[in-house]
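Please look at the sequence and the 3D structure below before reading on.

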Amino acid sequence: MFKRRIGMVLAALALLGACSDGAERGQVGESADLAEDVAAAPGIVPTAAPGVAFTYSYGFQLADPAISAAQEEHAAACEKLGLERCRITGMTYRLDERDRVEGTLKLAIDPLLARSFGRDAIAVVQRRDGALRYTEIEGEDQNPALEDAARREGGASVEIARLEAALRTAKGDEERVALRQQLRELRDQVEQAQAQETTAEAKIRRTPMNFTYLGGASGRGFAGENPVREAWYLFVDSVAMMVGFLLKALAVLLPWALLIALLVMLARSRPALRLRRWWGSDADHDASQAS
């Protein structure tokens, strides 16, 4: 009986341990899924917002030597898609006043590929021990422009058909001239509406994607900054500010100091002494005559 009770207790403990392990595995799996969701690039499927032109912007932070490699890999991924689906529209790479690397890459990509391309771009940065700092997705609704262009073009087309019919039955020259002038104005309106429609459709078909690369990453806990280097630059800036202040003060005071020194030297020169003696003798002579 005692052995039977011990066996039941051990079985219950084993069952609790299995449940605990399963719960921990479930928590670990949920944490992994959450981390994966956080690392994934957010995006918007164009079919969910038809007629909206989106602009994607990503900010990355990497170690300075890794920025050029990440830039080149992102550019190569765009070139691999072909000019019909992705075009490079701009790229910059420079050092700032503190010798930190800054870079940008601008693309125009097929909107259906924008979401997956952004996710792959983040993966490229993470493989190089970098991090995603921000993501911005801005949309511009082109539906009002398309509707306005269609309305203007439709109305002008109907009016053109009416004026052309009137032109065929016109009798006087003045009437024909007036009708042709109205037709030219209406055709100009049609061309403007078509240009507006073309521009709106072009914005929808191409999604601008902007990558910004910031250097100076030094690991976790410092928000991507190197505290030793930042302290050094702060020291150098302080010394430069002090030296600049002293030089400016010297530039302001030195001319006045030179002028005062020159006046003192002139006052102690022989001509000045003679002048003072002559002036003093004349003053004494006048005083004696007055008495």
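This is a predicted model: local features need pLDDT of at least 70, side-chain atom pairs count only at pLDDT 80 or more; totals for chains, interfaces and linings use all residues.

Residues are numbered from 1 along each chain as its sequence is written, and side-chain values use heavy atoms, leaving out hydrogens and water.

Q: Is Leu 105 buried or exposed?
A: Leu 105 is found in strand β3, residues 101–109; strands are DSSP runs of E with at least two residues, helices are runs of H or I with at least four, and both are numbered from the N terminus. Buried means under 20% relative accessible area and exposed over 50%, with partly exposed in between (1.4 Å probe, protein chains only). Because its relative accessibility is 0%, Leu 105 counts as buried.

Q: What span should the 33 residues of helix α5 have?
A: Helix α5 covers residues 173–205. The expected span is 1.5 Å times one less than the number of residues.

Q: How is α2 oriented relative to α3?
A: Helix α2 (residues 64–81) and helix α3 (residues 111–127) pack at an angle of about 150°. Axes are lines fitted to C-alpha atoms, for helices over the stretch in contact (heavy atoms within 4.5 Å), and angles run from 0 to 180 degrees between N-to-C directions. Under 35 degrees counts as roughly parallel, over 145 as roughly antiparallel, 65 to 115 as roughly perpendicular and the rest as oblique. Therefore α2 is, relative to α3, roughly antiparallel.
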